[in-house]
Amino acid sequence: MTFRTHHAAELDLSSVGSSVRLAGWVARRRDHGGVAFIDLRDASGLVQVVADPARHPQVNSLRMEYTVSLSGVVSQRPEGTVNPDLATGSIEVTVDDLEILSTADPLPFMLDDRTDVDERTRLAHRYLDLRRPRMAANLRARSTATATIRRTLDDLGFLEVETPTLVRATPEGARDLLVPSRLRQGDFYALPQSPQLFKQLLMVAGVERYFQIARCYRDEDFRSDRQIEFTQLDLEGSFWGQGDVLTVVEAVLAATTERLRGTAVDIPFPRMTWRHAMETYGTDKPDLRFGMEISDLSDLLASTEFGVFSTALKEGGTVRGFNAGTMELTRSKADALVDRAKELGAKGLVWAQVEGDGSLRSPVAKFLSKEEQAGVVHRLGARPGEAVFIAADDWRTALTVLGTLRNDLGRPSGHAELSYLWVVDFPMFEEDQDGSRTFSHHPFTSPQSLEQMRDDPDNALANAYDVVLNGVELGSGSIRIHDPEVQRQAFEILGIEGADAETRFGWFLNALRYGTPPHGGFAFGIDRLVMILQEETSIREVIPFPKTQTGFDPMTEAPAAVDDAQLTDLGIQLTAAVEAARAEPEPKK
RNA sequence: GGGGGCGUAGAACAGCCUGGAGUGUUCGCCGGCCUGUCAAGCCGGAGGUCGCGGGUUCAAAUCCCGUCGCUCCCGCCA
């Protein structure tokens, strides 16, 4: 049989009078006894179907989410019954024949968009969750995004190349997801954190313009914008400088944004140096949709008697502050902000509210001279009723703490407005947790000055850049090192030397010896981009089958134990401690 | 690894602070009525390990401890 001749959303006033056959799901049934209405949903949308239960007794047994195929005539709705909220609200289909194709059990949750169902329940029945209009729209948007990306890059002459997903582990950076080898017991593959080295090899291979929509894996803790696996647009070009990369990425992002939002995006995006971003916004991914810029107050307080400030300055630190604007700064709110600052690593946080007479209401007001108070108020442009926050600490702590508070206090909810930004001139290296030097981007990033990388690495800048959308880091890129000798030196500065470097990266350094073109590229997270463009607050809403915060899939219950035989094949034995823990009774799901 | 929030019927919640019979609301489910609804309406009904374990108490959904799950954040995420 033919299931359908039309989709629901295709029907409009011009279809009136025609006979159609539709197939889809029963989204709603409104039974009035003598007449029954069915909202028929298919992938295209909804249309109202009218049936006479006396002629079609099957409609009495219809329940939500049954699938049906029906034929009928499209008619204009009677006067006064048009539904302006429905795209097909001017018409309806009067049933001639209706067949139930499949029935549905009572649903575990309602498929409308009005209730926030517990996410675990949604994920356990994701196939139903994805029927909800909002989720269906997100799936569609994601497909539109990848299609737009592919078309844009294809038009620009890029080659789409797939790189392996079973690769060599790289201990730097994020924790690897490991895959044990059966044929080489005791050895492991890793799932790629990015196609970085392979795409550089494609440049050596003469591809010149490469892209890939690549699944990447990082075994770190989850966040609302981080999953263990995620999708990046990865691209790379040869004989490119920074401007070439930025131009291509702007073209892709502008085209995708335009398709999904229907609004034009100004290109080029504004650019800001990393240092300026840090100094002014306290973060390397500023949200420029609001102000509250941070100012340096150190010079105003150079001779202050207030111990917290003077000590910080004496120890080479800095005093910074920002104006959070008009707010009712209650004691409890102020305390919460101080706690937040401490959580972020600050020793404390000074808050002050400007009173009607211009004086400061603050626990530390009595320690500051009139001149100092006036100076701070003036520098921060603070007016009566406005609250200012000041942190005294080392440069990075003071700024990042204030930057986070600035976001907490000022960031618009949602993503109705879009603000793209380039952050450029990242430092080459940064200090690791243990005080050792690590790369701030990745170890294949080229320095802006070779001499400075060698002689003063801590102040060397990299040819590295991030693209930021509404304060969310979408992705980053760089011009790579294409000279094997320079690459070797970069490894050396990072402490990867000698035999170690040879074992882990010898194959890569070797590849660079055969006429490697200068090259660079970029990668950005497609999940994050679609999340923002769809105004979602979690990446999980735009990933078809995501995992929970503990990496669990409530539907398939992965990860799960495997047969002993599988472990034996791999030469793997669980430790006694793990075995013991597993013997405990299963917690209730 | 750490901090916060949440967990009550198939779903979303209220009840918890201030202990007193599983009490209530909306959706769904089952039965009935109903010819213009579109979150249809009206009448009736079923449905509960108050996440789990322990403690305090004459008495615990409620207070305390532990634990599991979900979530937000810090650490972590080149």
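Mentor: Before we start, two strands pair if DSSP finds at least two bridges between them, and helices (H or I, at least four residues) and strands (E, at least two) are DSSP runs numbered from the N terminus. This is a predicted model, where local features need pLDDT of at least 70, side-chain atom pairs count only at pLDDT 80 or more, and totals for chains, interfaces and linings use all residues. Residues are numbered from 1 along each chain as its sequence is written, while chains are lettered from A and ligands numbered from 1 in the order in which they are written.

Trainee: Got it. Which way does β10 pair with β22, parallel or antiparallel?

Mentor: Antiparallel: β10 (residues 229–238) and β22 share 7 bridges. Gly 237 sits opposite Gly 520 of β22.

Trainee: And what does β21 do with β22?

Mentor: β21 (residues 472–479) also pairs with β22 in the antiparallel sense, over 5 bridges. There, Ile 479 is the bridge partner of Gly 520.

Trainee: Why is β22 largely enclosed?

Mentor: Because 7 of its 7 residues (519–525) are buried, meaning 20 or more other C-beta atoms, placed from the backbone, lie within 10 Å of a residue's own. His 519, Gly 521, Ala 523 and Gly 525 point one way, with Gly 520, Phe 522 and Phe 524 pointing the other.

Trainee: Switching topic, which residues come nearest to RNA strand B?

Mentor: Of the 60 around RNA strand B, they are Gly 33, Gly 34, Gly 173, His 442 and Gln 549. Near here means a C-beta atom, placed from the backbone, within 6 Å.

Trainee: How many helices and strands are in chain A?

Mentor: Chain A has 16 helices and 22 strands.

Methods. Buried ≥ 20, exposed ≤ 12 C-beta atoms within 10 Å, placed from the backbone.
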